There are 2 protein chains.
Amino acid sequence: MNGAESLVHTLLACGIDTCFANPGTSEMHFVAALDRVPGMRCVLGLFEGVVTGAADGYARMAEKPAATLLHCGPGLANGLANLHNGRRASTMMVNCVGDQATHHRPLDAPLTADTEGWARGVSGWVRSCARAEDVGRDAAAAVQAAFIAPGGISTLILPSDTCWNPGGMPAAPLPVPARPQADPHAIAEAARLLRRGEPSMLLLTTDALRAGPLADAHRIAAATGARLYAPTSNRRIERGAGRHPIDRVPYAIDLATQALAGIRHVILVGALSPPVGFFAYPGKPGVVTPSDATVHVLARPEQDLAGALAALADALDAPAAPPAPHRAQVEPAGGPVTADALARSLTALLPEQAIIIDESVSFGRSIFGATAQAAPHDWLALAGGAIGEGIPLATGAAVASPGRRVVTLQADGSAMYTIQGLWTQARENLDVTTIILANRKYAILLGELANVGANPGRTALDMMDLSRPDLDFVKIAAGMGVAGARAETMEQFNDLFAQTLSRRGPFVIELAIP
Amino acid sequence: MNGAESLVHTLLACGIDTCFANPGTSEMHFVAALDRVPGMRCVLGLFEGVVTGAADGYARMAEKPAATLLHCGPGLANGLANLHNGRRASTMMVNCVGDQATHHRPLDAPLTADTEGWARGVSGWVRSCARAEDVGRDAAAAVQAAFIAPGGISTLILPSDTCWNPGGMPAAPLPVPARPQADPHAIAEAARLLRRGEPSMLLLTTDALRAGPLADAHRIAAATGARLYAPTSNRRIERGAGRHPIDRVPYAIDLATQALAGIRHVILVGALSPPVGFFAYPGKPGVVTPSDATVHVLARPEQDLAGALAALADALDAPAAPPAPHRAQVEPAGGPVTADALARSLTALLPEQAIIIDESVSFGRSIFGATAQAAPHDWLALAGGAIGEGIPLATGAAVASPGRRVVTLQADGSAMYTIQGLWTQARENLDVTTIILANRKYAILLGELANVGANPGRTALDMMDLSRPDLDFVKIAAGMGVAGARAETMEQFNDLFAQTLSRRGPFVIELAIP
C-alpha cells in the first residue's frame, strides 16, 4: 500500500466521504488511489476557490468535514480566500495539498512555492508529511483537529513521494473530545448581571445560532430584557417561521453604533470579542458597542454554547420561550425590483428547508430582516468577508443537502470571482437557484467612497462600474451548462423562481436592479 | 496632502503610469487619490488573478513595472498564483495592497488576514507602511526594488490610515544601479572550456532571450558547437523570421533527459541552476542534464547577460552570426485540427510583431518549434507553471503594446481559472485573439496519470474530464462582451483568425480539438 492509498483509507475510516478536488500533477497518486479505494465521492471544481468554498458550504450543512484535493503552492493560493472565510466560520475542513517530492523541493523547480507558509494563515493545523509511513497517522491527526470544537481547518501537505512510496499504513480515527461545558461561575455571573436589568446584549455565534439555542436565548431575553445579536456574517443561522429570530450587527458602521448605543454589558456566547467594524473609518470607533460597556464571557468558542444558554436560562428561572413567529401569509411582490420586493417574494415563495446563501453585499442588506417569517430555512454567509464565496458555498451546501433547495443571493461583482462554480452545479445537477443581483456596479464601494468624503470623478467611477460592457450572466451560465433567464420585473422573477422549484438542477436568474 | 495622494504622485514621478486594479473598501482613499492626481491609467480587473497576471504581461512588454491595486488579505491571496508566475519570470511589479488601519488591525475584524505573510512568498521586497509621512518614501523604495535587475516584485502594504492621514510627502525616484558586468574571469573560463569542444550547452534566460543576445549566442554556437537552450517557460523570447531560434528544455521528463544526454558542461546565462524537471517522478532524475555534467556560471541573473554573451563571442573570435531563418512561405493548413496544422496556419497568418501568449499546456507543445519561421514575434509563457495566466498575461501585454496583435494559445481547462480577464479585454478594446484549445479534458493530467503507472478508472477519469457539461467558450465570452466563434476545421479557423486581424478589439476562437 502506498502513502496515497493509506490517506484515502484513513479519511474514509474517519468518516470523510466527500472530496472537492482540483488536482494537478503532484497529486496523481492521490487521484489513482481514489480510484483503487472505493467510497469517496469526488466533486471536481474548475478553480481552487470553488473547491475550498464548496468544502466550507458542505461542512456547514453536513456538520462534518469534507476533504479537499489541491495542487501545490499556487493551487493552494487560489483557494486561500475561501479558506479565510471558512476559518472565520470555524468550519471543519481537511485540505490535502500536494507538493514537490521531498528530494525535488531543494531543486526549486518552477512550481515550487511556500505551500506551508501560505497554509498557515488559514489553518488551525498544518503538517507536511515526511514519509509514506506517516501519511495515515498524519491524516487521522488532521481530521481530529478539524473536528475539535468549534471546528477548524486542517491542511495536510503531501510531498509526492510520500504518496507514491510504499509503506502506507491506514490509521484509525483519533478520539474527538466533547465540547467542554461552560464555567458554572460564568453562567452564575451572567445571570447575576442580567438580573440587574441594565441594558445588555448577548452576542451569539456558530452553534448558538441554531434553532434550539436561539429559543433558549429568547427565554433569557424575555426574562431579562437582554438584546440578542449575531455577528454581521455567520456560519449558519436556523431561522424562518416557527423559529426564534435574531438580528445581526449591522454592517454599516454608523448603523451599528446607533443600534448598540446605550448597551452596558456585552455577553459573549462563543465570540472572542465584542463586535467590531469590518473596516476602520476616520474618526469613528473600531468596537461598535459603547466604549464604557463591560465585556463578559458566557462561553468560549470551543465550549458547549447550547448548554451554556440553556443553563443560563434555567439559572434565571426563565419561563418557556415566547412563541416563535408564524409563517407570513403574503403574496409575491409585483412591479419594480427592489430589495423589499425581493424579500417579500422570497417570503411568499421560499420552499420548506431551503438554504439561503447570502453574498448579496450592498443590495441585499434588508432582505435578512424581511424574510424572518418565510418558511423555515438556513442562512449562510461569508463569515470572513472575502467576496467570491456565494456560488461555491451554494455548491457545497447542495452536495451536503440533497432534497433541499439552495437559493443564492449573489451580487454581480462578487459573482465574477468564482463564476466557474456554476459548472460544478451543472455537472452534479445540484438544486441551486442563483439570483444574480445585477446592478452592474461595485455598489458597496460607491458607498464607501462617499464615506471617505470623496466626490468621485471619472477614474474612480470607472473602477466601480461593471457596465461597458454589460455582464450577461444568462450567457455565461449557458456557457457552463446552467440554464438561466433575466428578470426585469418582480412578476418575471416570481415566475422564474417558481419554475426553478419545480425542476431539478441549477438555474440562474439575472435580476435586473434598476 | 494625504498618504494616498503622495503614493500616486510618487509612482508617477517614478515613471509608473499604469495601474491594474481591483479595489476594495480599504483602498478607497487610494482610489480617490487616483481621481485627484491625474496621469495614471487605471485598468479594472474583475478578479485579482486577472490584475496580477495583467501586470506581469504589461511589464514583460513595457520593460517597466505596472502598479497593481489589490484589496487586503484575501484580495492579495487571489492574486498570488500569477504573482508566483511573475516572480519566476523576474517581472518588475509594484503591488499596492490595502490593509486594516493600524489601530484597527488588533481588533481582528473579519477580513483581517496575514497580508504581509502571504506577500513574502512572491515578493522580493515587502514593506508595511507605518505612517502617512512614510508612504512616498516607501513607494519610491518599492519602485527602485522592482527595477533592480533582473527585475522583481515589490509589495507595499498600506494600512488605510496611512492613506487617509495628512502629512503625505511625494518622494523622488531613487537611483537604479545599472546591471553589473559579468566577471571577466567567468567569460575567459567559459571561452577556455568551449574551445575544448566537449559537448556543452548554454542555458539562456530572461534578457538573454532577446534578439540581440540570441544572435551572439548563435555566434558562440557556430564557433564551438555548443548547444543553446532556454528553460521550458520563459518571460519573453524574441523569435520568428530574421531572428535566431532557440530550443526550450522539453517539459516531459524523458524527452528532456534524452535531449540533453551526453552534455558535459552546462553554462548558465542568468540561470541559477541547471535545468530541473517541473516535477519529480519515481526513479527519474530531478536535474535533467547528466549527473556528471559540470556547471559553470557565465553570468548571474542580475548581471548584464547581453554583454556577457557578446564578450564571450568576442573572446572566442567567433565570426558574425550565421543567417537567421527567413520567413516561411506556406499556406494555412486545411482539414482536421492538429497541433501541426495550427502551427502551420499560425506560421502563414501571424502578423508582424504579434505577441504570442503560450498557455497551451499539453496540446501546444510542438507549436513553439514549428512557428520559428513565422513573422517576427514575441513569445510569453507562464514562467512559474501556475495555470490561469494566459488570458491575464495577454491583457497586460496588449495594454503595453498598442498596435500589436496578441494571440493567446489557451488550453480550455486553464482558461477557466481566470476567464474573467476577457471582460477587461472587452472594456479596453484590446487587440487580443484568444484561441481556446478545446479538448474538453485536463489532457496533461491524463498523461501524468499514465506516467505514474495508473490505469485510470471512473473516479480518476471524472476528475480530468471537462465535458458533462461541455464548456461553451463562445457563450462565456459573449457574456463578457467579447465576440467569438467555434472552429471545427482548420479552414474555419483560418477564416476566423484572419477576420480577427482585420478588426480592432478582442475575439475568442474556440478551436475544437478532436
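Are Arg60(A) and Asp56(A) buried or exposed? In this predicted model, for which local features need pLDDT of at least 70, side-chain atom pairs count only at pLDDT 80 or more, and totals for chains, interfaces and linings use all residues, Arg60(A) and Asp56(A) are both buried, buried meaning under 20% relative accessible area, exposed over 50% and partly exposed in between, with a 1.4 Å probe and protein chains only. Residues are numbered from 1 along each chain as its sequence is written, chains are lettered from A and ligands numbered from 1 in the order in which they are written, and side-chain values use heavy atoms, with hydrogens and water left out.

The side chains of Arg60(A) and Asp56(A) form a salt bridge, at 2.9 Å from N to O, a salt bridge being a side-chain nitrogen of Lys or Arg within 4 Å of a carboxyl oxygen of Asp or Glu. Because the two residues are four positions apart in helix α3 (residues 48-62) of chain A, about one helical turn separates Arg60(A) from Asp56(A); helices are DSSP runs of H or I with at least four residues, and strands are runs of E with at least two.

In chain B, a salt bridge joins Arg404(B) to Asp378(B), whose closest N and O atoms are 2.6 Å apart. This pair links distant parts of the chain, 26 residues apart, with Arg404(B) in the loop between α14 (390-400) and β15 (406-411) and Asp378(B) in strand β14 (residues 377-381), and both residues are buried.

Over all chains, the structure holds 78 salt bridges.
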